[in-house]
Amino acid sequence: MDERKMRKDIVELGKQLLERELVARTWGNISGRLDRSECLITPSGLDYKRMEEADIVRLDISTGQWEGNREPSSEKLIHMAAYSRFEDVRFVVHTHQKYATALGMTGLESMDINEREWERLAGVGIAAYGPSGSEELRDAVDDVLRSGMETVLMIHHGALVCGRTREQAMERVLLLEQVCGRSVKGMEGAGDYGIVSISGELADELRAGFSKADVFRTPAVDICAAKGDDIYAQVDDMAQMIGERIPVVGNTNEAVSSLKRWPAVLIKDVGAVVRAKTEDDVEALRLLVDKACICCVHTRTMDMELKLAESDVIRMRHKYEDDYARRKDEM
């Protein structure tokens, strides 16, 4: 495979994933096989908006040794596992897409998928939980790949999709989200109006207290805000950027007070408010809150209200603060 073209393909694919809200900030990763022994992979902690062809890292599929201006993605192990299992796979994409992540929490029981879709995805399997970047996660994903399935839902984490071409990889990512979107429970009749910013005195008051903030609603946010119960971290990226929970409060004063500790808060029967240091962090938080609420609605409806162990939340939060946030500030 021509290396220059592969670098270009990876950068363009990253932008496509970002535009379709299948990844946020620096989460998710993409790789492309060069030959039997090497692949190219996205770097660790670099925003897809800023990524250039020179940032892509060359990686040895067998040893993990790498060459480049930046360190390879911390999730390189699951990419290496995919290439080791399937010699004809040319692209591997790891996303944090919201519906696939939610469905992966509870297994395939509720997956509404037909035979043709199953074939196009080359099978779908569930990988047991392992912390991001760990050998545990690599082994769990490899257990699924070993069975011949090329699409993997990783519990508490996201999805991994293999493809023979860049186009096939992207088609599978989109098909997976379409299937999982109609399979997620508890969202029936909730509407499909995306992320809607809230204006008015309430929003002005909340935004006045923080330099970078947004007040918004989504179908899943509306459901969770109305219910009034706190949202606990079920997914690694929420644990990293938000922490243990998203509190649900009753009014603006409580929201302002809670936002001093938590970067995201739901206001009962109103919506969500997030605050951050930068506009792109606000944008990422909007996506994470929406996804956290979708996961919460689905797992509650399935009577499987799962949450990450406190030790995993602490580990993920520290990893984010000490690694990704620091690198982003340096760029």
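"At what angle do the axes of helix H3 and helix H6 cross? Keep that in mind while you look at the structure, which is a predicted model.

Okay, the helices. Two packed helices are described by the angle between their axes and the distance between the axes. Here, H3 covers residues 98-106 and H6 covers residues 166-183. Their axes cross at roughly 55° and come within 8 Å. That angle makes H3 oblique to H6, and the crossing is left-handed. Who does the touching? On the H3 side you have Lys-98, Tyr-99, Ala-100 and Leu-103. On the H6 side, look for Leu-176, Glu-177, Cys-180, Gly-181 and Ser-183. Sort the residues of that contact and you get five nonpolar, two polar and two charged.

Next up, cysteines. How many disulfides does the model have? The count comes to zero. Remember, a disulfide is a covalent bond between the sulfur atoms of two cysteines, and our cut-off for calling one is 2.5 Å. Take Cys-39: the closest cysteine sulfur is in Cys-162, and that's 12 Å away, so it's too far for a bond. For Cys-295, the closest cysteine sulfur belongs to Cys-296, at 8.7 Å, so again too far. Cys-39 is buried, at 0% relative accessible area, and Cys-295 is buried too, also at 0%.

Last stop, Leu-202. You'll find Leu-202 in helix H7, residues 201-208. Is Leu-202 buried or partly exposed? Partly exposed, with a relative accessible area of 26%. Leaving out residues up to four places away in sequence, Leu-202 touches Thr-252 and Val-270. And Gly-271 is 69 residues from Leu-202 in sequence, with 11 Å between their C-alpha atoms."

How values were computed:
Residues are numbered from 1 along each chain as its sequence is written. This is a predicted model: local features need pLDDT of at least 70, side-chain atom pairs count only at pLDDT 80 or more; totals for chains, interfaces and linings use all residues. Side-chain values use heavy atoms; hydrogens and water are left out. Buried means under 20% relative accessible area, exposed over 50%, partly exposed in between (1.4 Å probe, protein chains only). Helices (H or I, at least four residues) and strands (E, at least two) are DSSP runs, numbered from the N terminus. Contact means heavy atoms within 4.5 Å. Axes are lines fitted to C-alpha atoms, for helices over the stretch in contact, and angles run from 0 to 180 degrees between N-to-C directions. Angles under 35 degrees count as roughly parallel, over 145 as roughly antiparallel, 65 to 115 as roughly perpendicular and the rest as oblique. A crossing is left-handed if the near helix is turned anticlockwise from the far one by less than a right angle, and right-handed if clockwise. Ala, Val, Leu, Ile, Met, Phe, Trp, Tyr, Cys and Pro count as nonpolar, Asp, Glu, Lys and Arg as charged, and the others, Gly among them, as polar.
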